[in-house]
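Colleague: I've got a model open and I'd like to learn how to read it. Could you walk me through it?

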Amino acid sequence: MSDLDKAKVVFVEESLELLQAIEQEALSLENQTEDSDSVRTIFRHIHSIKGTAGFFGLAHIEKFLHALEDMLDLLREGEINVTTKHVDVILDSVDHAKKLIKSEEDGLSDEIKEKTESLLTDIQTLSADSSETADTDKNDSEPGKWLVELQVTEEIEDQSSLNPIEQLLTIEGTEFTFVPGKIPSLSEYESSRIYGSWLIEIPKSGADKQMIETILSSSDVYTYNIDPNRLTESEDTTDTFEGAEAEAWPEEVLEDEEEDVFGDFEFEAEIVEDDDQAEVSNEAESHAAEKDAQPESEADTGGDAEETSVSELLDDGEKKSIRVRVNTLEDLMNRISELVLNRNQLLQYSRGKKDGQLSKYVNQLDKLTSQIQESAMATRMEPVGNSWIRLPRIVRDLSKELDKEINLELKGESTELDRQILEKLSEPIVHLIRNAIDHGIETAQVRKKSGKAETGHVKLQAFNSSGNIFIQIKDDGRGLDANAIKEKAIAKGILSQDEADNLSDSQIYSLLFEPGFSTKEEVSKYSGRGVGLDIVKRNIESIGGQIYIESEQGESTTFTIKIPLTLAVISALIFSSGGKKFAVSEASVFEIVWMNDENTNLLSEVNGQRLLRLRDSLIPLIQLDELLGLSGDHDIDNKFVVIIKTASATFGIVVDQVDEIQEIVVKPLSRMLHNIKAYAGCTIIGSEDIVMILDSDGISEMASIDDVVDENIIKDDAAKLIEDEEDKYLIFEENNNQKAVPLNLVARLEEFDRQDLEQVDDDYVIQYRNEVLNLIPFSKSTMQRVGDTVPALVIQSEGQQAGLVIEKFVDIVETDLSNSTISAKKGVLAVDVINGRTTEVVDLNWFYQRVSELQVARTIRQQHVGSDCVIFEHSTFLRNHLVHVFENFGFEVRIASDITELEEASENPPSLWVISAPAYMQHREEFTDGIMASDGMKLAVGVDQAPEIEKKIFDAWISDYDKDDILNAINQSEEEVS
Amino acid sequence: MAEVHQILTFKLNNLQLALDVDDVQEVLLKAEFQKVPLAPEFIEGLFTLRGQIVTGIDLKKRFGLKGEIGNEYAIIVIEKGTEYVGLIVDSVGEVEQVDTSNIQPLPANIKDEWKPWDSRVIHTEGKITILPDTEAILQT
């Protein structure tokens, strides 16, 4: 492929993008005809394409677009007003230009050529006059003469077929000019064809338009246009390209525009040249090949790929994206999936090793892997709006055709979806929208009669919910007639009368997805042929999605598409049942309930279906081991209930043990396992374990629990967190602010005597009921504000208890906070007004964290009580830091600030030497045998890698001065010693 | 010169069968199968192979033949699109070159049970080798 060819491929792609953008603008032009911005944008785009077409010598495109540009110029200048006809012709021209650009010049079919001509005529007509009727008699810009362009398109078998032309010659003053066309090679040359066209000028005095029309229409071997005078002018100007430009553009604009067009080009071409292997050119090539092969279907499916970057490309005129082959992305994703798996294995391995250094690196790797994964994921995601660009046009055409006024509302365009999925969804969505307009929306008269607005409303909406993406198509049309569907299904033999009687409405609606089912009596061009909905359903299911119908007769019909587990890596809850591990997408897990003795009273049974009463809803339970035919006691005592919420149902899965939440790589199941509804995929956990990922919807379907309880009142997750069984809160005051804690989390409210408190760092401990209770001040300054009596909330969690020191207890109130504003502030769950004061509901999570940190610190201290250490470090700052660290570890610390002090210290050797590496290096030669020979453990700090000789001297070394790292190092060598 | 086709032969009970070598990724001699609840009987379980999940198929059960997987077996791993499948067979023979002209449609005297597998047969030196179609094996 030559560079020129490559550039041409880029031209094709870019032009198609621009044409797509023009289409958008044209549509907005129609809604708002005064919008000269749109006209200007269209003009600019057309001009760009025209310019580049000229650059490639594509004169036929240039000529065509030039005419269009002239018309736009008039619109832009306000010389003529924009009418629907103009919009029509722009849209038609866009479609046509796409075809022209996609086909090779000499491969143009006659049909396309004819279309060019007829469009040109339309453009001329509209350019010349703004009046609605566009009376052609007024079009004579050159008074006194009719200009006829005539092209013989058929083989001339019989000379008499040209008689009408000769007849024209008999009109006095008529002049014929022959314009030669492209003459084919000798092998293809047919002598019975005429390769070229005539320009015929006929004096108006000799004939009127009607007469010429009558004469010419008596033969069909040629096509002709009467009065294409602007066209002939523009034909001249194609040679004097510069002149045409100057006419249409003020000079400075022209310069900018020129730069723009060619600037972009060079940029694109550069990418291609830089790297011959570049995916860019490969992709472009294959694109071009596809287009050559099937220009029609390409036009039909709209080529989502091109549309993708339109908006980014046009927003500010600069490139922010490059094209990457989808395969490359896929490849990257697969590798990353493997990396995630590998990381998980490494994490598990390092947990078993208790190696501080290893954990540190693994944790870094963990974080990085997650970030890489996220970014890579983002590359695959695309806003759904990208594939909706075509819809307004489709709706416009269709509503014109069917003579229905339709208002299309798009919502949630920015919802992101995996691009592959998006591509597969594009056709089904178009189909459903066509359906809605054709079948759903009634004619204006019918709507008026039934008291509806004459304009029908179709709403396309995308949104996220519980880990799934939903796409809804809703129309406010006539709704579905369940009885009619039923009758038709019986008539078609799809089901028997008995079966039909037992079906719920939603089951009846789903009959529409049966192959060969159509309810509309007459078949239209757009829908109603009974092929469609079954294919829509199949397409959606092929990407793992589902589709449901809801309808209210006479009111509306809603199709809901649900796309689950689209991403390759998901966060999943792992649990075991019947001796096997399973996973379920964390997003669909609502909560987990442990069925201990205390809450068995929440269980009840209706018609053999076990139900769990959870707050104000009844949740059906599924015994997973039983459902999957696994061994197990099929019992519920002391097991866990994983509450799952899907779009259609909420239910609980009874499992033996809940393990953990983990990022897992979703691997597809073999085709041979697709029939089992229970699974959405599988994954590898740890080194070898294969875990089946459960499909929540499939499970609920298998257990047929959809209809058992449909009134589950489940509130938002956030609201749930602050929801209390009795809605009671403990209010306290802190630095003149009011705070609240759910009362059920508070075991007791105590007041301690300050004298009994013992300080440890910023926190305190106290002997409380024969135990040591950690006391954590609510804020750093709390202790300064409390007096001799210290109020504290004793809070219990996982068998541990600790005290939260507060400034002042206020009250216990009963209030409903489920509608509070959720707070983004750290440590604060929500904000609401209680007793007339703004109150923050405290998130106790940070508190529990502090408790567990304290617990660890205390254990360490106990280990080292009675041990001493000598710290040898020159830097005062670092020395103080180390002193603080080791004192907190429970050591009795001695300091050696220089070598003399160190030697003194060696007379009474400590159990631990802490030697800073720089200090050691400086005094390496002077280290006495006394120090080296002492039994005490020797720790080097601030050293990256110990040289061989130092390895013999030091028991442990770390690269920094970090508290946790030091602790790890000590613990490790202590373990080794013991 | 006649066109040559490469096949990998294997045994199920005392039947000789073969697969197109192009379909075969590798042959394993053991694997740790992990059962899938509710899976069809012919699916012995899943196992991992270098980070991939392979679906193990008991080929005897798949073809409706008698007999169980013995102590010694072989797994022929094939890759089809995105899925990996391990066909469990009694033993694996050699990679052989077959003259394409020797590959023929199923003769009438062969039992009907081979028909669903789009099988063809190979005649060599009086021996008959059944050549089922891998795609048909994976169809549901």
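Predicted model: local features only at pLDDT ≥ 70, side-chain atom pairs only at ≥ 80, totals over all residues.

Colleague: What partner does A:E807 form a salt bridge with?

Modeller: A salt bridge is a side-chain nitrogen of Lys or Arg within 4 Å of a carboxyl oxygen of Asp or Glu. Here A:E807 pairs with A:R785, and their closest N and O atoms are 2.5 Å apart. A:R785 sits in helix α27 (residues 782-785) of chain A and A:E807 in the loop between β30 (800-805) and β31 (808-814), so the pair ties together parts 22 residues apart in sequence. At 29% relative accessibility, A:R785 is partly exposed.

Colleague: How are those helices and strands assigned?

Modeller: They're DSSP runs, numbered from the N terminus: H or I with at least four residues for helices, E with at least two for strands. Chain B has two helices and eleven strands, in the order β-β-β-β-β-α-β-β-β-β-β-β-α along the sequence. Of the 140 residues in chain B, 49% are buried.

Colleague: Back to salt bridges: how many are found over all chains?

Modeller: The search of the whole structure gives 25. One of them joins the side chains of A:D659 and A:K581 at 3.6 Å, N to O. A:D659 is in strand β20 (residues 657-665) and A:K581 in strand β13 (residues 580-585), both of chain A, so this pair ties together parts 78 residues apart in sequence. A:D659 is partly exposed at 34% relative accessibility, and A:K581 is partly exposed at 33%.

Colleague: And A:E442 with A:R447, are they buried or exposed?

Modeller: Both are buried, and their side chains meet in a salt bridge of 3.0 Å, N to O. There's also a network of salt bridges linking A:E23, A:D88, A:D95, A:K98, A:R393, A:R396, A:D397 and A:K400.

Colleague: Which side chain does A:R343 make a polar contact with?

Modeller: A polar contact is a pair of N or O atoms within 3.5 Å; within protein, one must be able to donate a hydrogen and the other to accept it, and residues adjacent in sequence count only if both atoms are side-chain atoms. A:R343 has one of 2.7 Å with the side chain of A:D366. You'll find A:R343 in helix α15 (residues 326-353) of chain A, where it is buried, with a relative accessible area of 3%.

Colleague: How do I read a surface patch?

Modeller: Patches are made of residues with over 30% relative accessible area and no salt bridge; like charges are joined within 9 Å, and nonpolar side chains (Val, Leu, Ile, Met, Phe, Trp, Tyr) within 5 Å. Accessible areas come from the Shrake-Rupley method with a 1.4 Å probe, and for residues only the protein chains shown count as cover. A:I183, A:L186 and A:Y189 make a nonpolar patch of about 370 Å². A:I183 is in the loop between β2 (175-180) and β3 (196-203) of chain A and is exposed, at 55% relative accessibility.

Conventions: Residues numbered from 1 in each chain as written. Chains lettered and ligands numbered in written order. Heavy atoms only, no water. Buried < 20%, exposed > 50% of the residue type's maximum accessible area, 1.4 Å probe, protein only.
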